[in-house]
Amino acid sequence: MPPEDFELFRQEMADVEPLSTPGLALSKPRTAPTPGQDYRREAAQREAGLFDENQLPTVFVEPLHPEAILSFKRGGIQNGVFRRLQRGGYDIEAMLDLHGLNVEQARHEVHRFIQDCLRHDVRLALISHGKGRNNKEQRPVLKSFLARWLPMFPEVMAFHSAQRYHGGAGALYLLLRKSERQKHKTREKLGLVSGKPEP
């Protein structure tokens, strides 16, 4: 810097006083990413193919009330079937307990559980998710995420909050699509399959 510029700078700064507290930060650095940053990062990873087959999101969920009743039914499910599901009228073939898990762990377990159910021809399952009474926000985080995740599985035909003796609003019944093996067995039982091999 030329001497005349430095002198001009010194004159302009003559009445400026240093901060009284040394090392004081004028703005606090952000320690955690914002929800928007999380969403954009997740979307970028998905586009880049860095995600596994589990596409369940872990950001932007609408928090539910702890006692909210979860209910979902795809088109094609008979009303009688759905009412029986609501009443807990089907035998539970598999159970998953999400208590004590964080969102990422629950995301992994829900995906794995549904894939296992499909492999073993499970039609009716029970998922215990809790009501969020043990977290500091007193919000049902996992319940809120389940309400978002489950309709994303095309194999999930319906779900409904469980009866009190199965966990009430802290659990849900899950009805999964019949596998081709199960459909074939039903057709055989009803005498709808001929002796000819199917194409």
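The model is predicted: local features need pLDDT of at least 70, side-chain atom pairs count only at pLDDT 80 or more, and totals for chains, interfaces and linings use all residues. Residues are numbered from 1 along each chain as its sequence is written, and side-chain values use heavy atoms, without hydrogens and water.

**Stop 1: the aromatic pairs**

Rings of Phe, Tyr and Trp (its six-membered ring) pair if their centres lie within 6.5 Å; planes under 30 degrees apart are stacked, over 60 edge-to-face, the rest tilted. That rule gives two aromatic pairs.

Select F72 and F159. Their ring centres are 5.2 Å apart and their planes at 20°, so this pair is stacked. F72 sits in strand 1 (residues 71-73) and F159 in strand 4 (residues 156-161), 87 residues apart. Strands are DSSP runs of E, at least two residues; helices are runs of H or I, at least four; both are numbered from the N terminus.

Are F72 and F159 buried or exposed? Both are buried (under 20% relative accessible area, 1.4 Å probe, protein chains only).

Next, select F145 and W149. This pair is tilted: 5.3 Å centre to centre, 35° between planes. Both residues belong to helix 5 (residues 141-149), four residues apart, so about one helical turn separates them. F145 and W149 are buried.

**Stop 2: the largest pocket**

Select I77, V81, R123, L175 and K178. Of the 14 residues lining the largest pocket, these lie nearest its centre. A pocket is an open set of points on a 1 Å grid over the protein atoms alone, with protein on both sides within 12 Å along at least five of seven lines; lining residues have an atom within 4 Å of a point.

Notes
Buried means under 20% relative accessible area, exposed over 50%, partly exposed in between (1.4 Å probe, protein chains only). On a 1 Å grid over the protein atoms alone, a cavity is a set of points where a 1.4 Å probe fits but cannot get out, and a pocket is an open set with protein on both sides within 12 Å along at least five of seven lines; lining residues have an atom within 4 Å of a point.
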